[in-house]
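Dear colleague,

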Amino acid sequence: MSTTADPLAALGALPGVPEAVDSVRKAVDRVYGHRVMRRRSNEITAEAALRGARGSAALAGADWALEEVRRRTDFSVDEESRTVGAALRLTAEAGQLLSIWRQSPLRVLARLHLVAAGGAGVSDELVGRPRLAGEPVDEPLIELPLPGADEVAGRLEGLSELIIAGGSAPALVTAAVVHGELLALRPFGSYNGLVARTAGRIVMIGSGLDPKSVCPAEVGHGELGRAAYVAALEGYVSGTPEGMAAWITHCGRAVELGARESTAVCEALQRGAA
């Protein structure tokens, strides 16, 4: 990712990206315009959080049925249950960190990792901080080359500066870059995918694109499939205009599918009230 002046705005002009931004905005507007949202938005938000957490956990290798996630109360039995529990905790935490995110994104990322890993049996020494040289990373589903600790520190600082500076880039572009950069760097020893997707969600909420968090991109990423997710991420990591555009448009499609999911929830609630 370039750190030249307002590089995010430049990414917003890549071929196919303006169309993706427009399509996402229309999909989000459809959800927010649904009559159920006017009186039962809290229920839609809660359901979107649950489904988003399920989707994020599935991408991390814990592909549970929605009803199983809804039913379970103990998430400490094994690695899969710990992953699902971490995803649920992160989803609940996302909306609480908006003001801090705008001022100190790195503090938020550290907090997210603490929330994810702190209840999952990870050593306290490895929780809530970027990895040091020589420390391993447990992210088995992302097999891209792993940047060194010095590169991670420099790129995290650059990402933080971009977020604090703000700019004119569409929310979709910023969310996709935050998500992609964290997956590319894998700055923590564990749960990087969960943290990356949650950080993208925070951008979507804080930007005003999805302020009630009812369009869970994690659902869409899960629906598009892990192979497509990794292939699109490889485009981001390549740094080419075509690869970056492919990643951003992939993320846009995931948001649209998340919006469609919540629209279906609205329709179900409406039929139940009829």
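How closely do the axes of helix α5 (residues 79-94) and helix α10 (residues 192-206) come, and at what angle do they cross? In this model, which is a predicted one, the two axes come within 10 Å and cross at roughly 20 degrees. Since angles under 35 degrees count as roughly parallel, α5 is therefore roughly parallel to α10, and the crossing of this pair is right-handed. On the side of α5, the contact is made by T83, A86, A87, L90, T91 and A94, while α10 brings L194, V195, T198, R201 and I202 to it.

The axes of helix α7 (residues 105-118) and helix α8 (residues 149-165) come within 9 Å and cross at roughly 120 degrees, which makes α7 oblique to α8. Here P105, L106 and L109 of α7 meet L156, E157, S160, I163 and I164 of α8, and the residues of the contact divide into six nonpolar, one polar and one charged.

As for the protein as a whole, it has 13 helices and zero strands, so that a reading along the sequence gives the pattern α-α-α-α-α-α-α-α-α-α-α-α-α. Its radius of gyration is 18 Å, close to the 19 Å that the globule rule gives for 274 residues, and the protein is therefore as compact as a globular protein of that length. The C-alpha atoms fill a box of roughly 60 × 45 × 35 Å when this is taken along the principal axes. Of the 274 residues, 51% count as buried, and among the contacts with a separation of 6 or more, 74% are accounted for by residues 24 or more positions apart.

Finally, please look at the loop between α9 (171-185) and α10, where R186 lies. Although R186 is not a glycine, it has a positive phi of about 45 degrees, and with a relative accessible area of 3% R186 is buried. Y191 has its place in the loop between α9 and α10 as well, and its phi is near 55 degrees, a positive value in a residue other than glycine. The relative accessible area of Y191 is 8%, and because buried means under 20%, Y191 counts as buried.

Technical notes:
Residues are numbered from 1 along each chain as its sequence is written. This is a predicted model: local features need pLDDT of at least 70, side-chain atom pairs count only at pLDDT 80 or more; totals for chains, interfaces and linings use all residues. Side-chain values use heavy atoms; hydrogens and water are left out. Axes are lines fitted to C-alpha atoms, for helices over the stretch in contact, and angles run from 0 to 180 degrees between N-to-C directions. Helices (H or I, at least four residues) and strands (E, at least two) are DSSP runs, numbered from the N terminus. Angles under 35 degrees count as roughly parallel, over 145 as roughly antiparallel, 65 to 115 as roughly perpendicular and the rest as oblique. Contact means heavy atoms within 4.5 Å. Ala, Val, Leu, Ile, Met, Phe, Trp, Tyr, Cys and Pro count as nonpolar, Asp, Glu, Lys and Arg as charged, and the others, Gly among them, as polar. A crossing is left-handed if the near helix is turned anticlockwise from the far one by less than a right angle, and right-handed if clockwise. The radius of gyration is taken over C-alpha atoms; the globule rule is 2.2 Å times the number of residues to the power 0.38. Buried means under 20% relative accessible area, exposed over 50%, partly exposed in between (1.4 Å probe, protein chains only).
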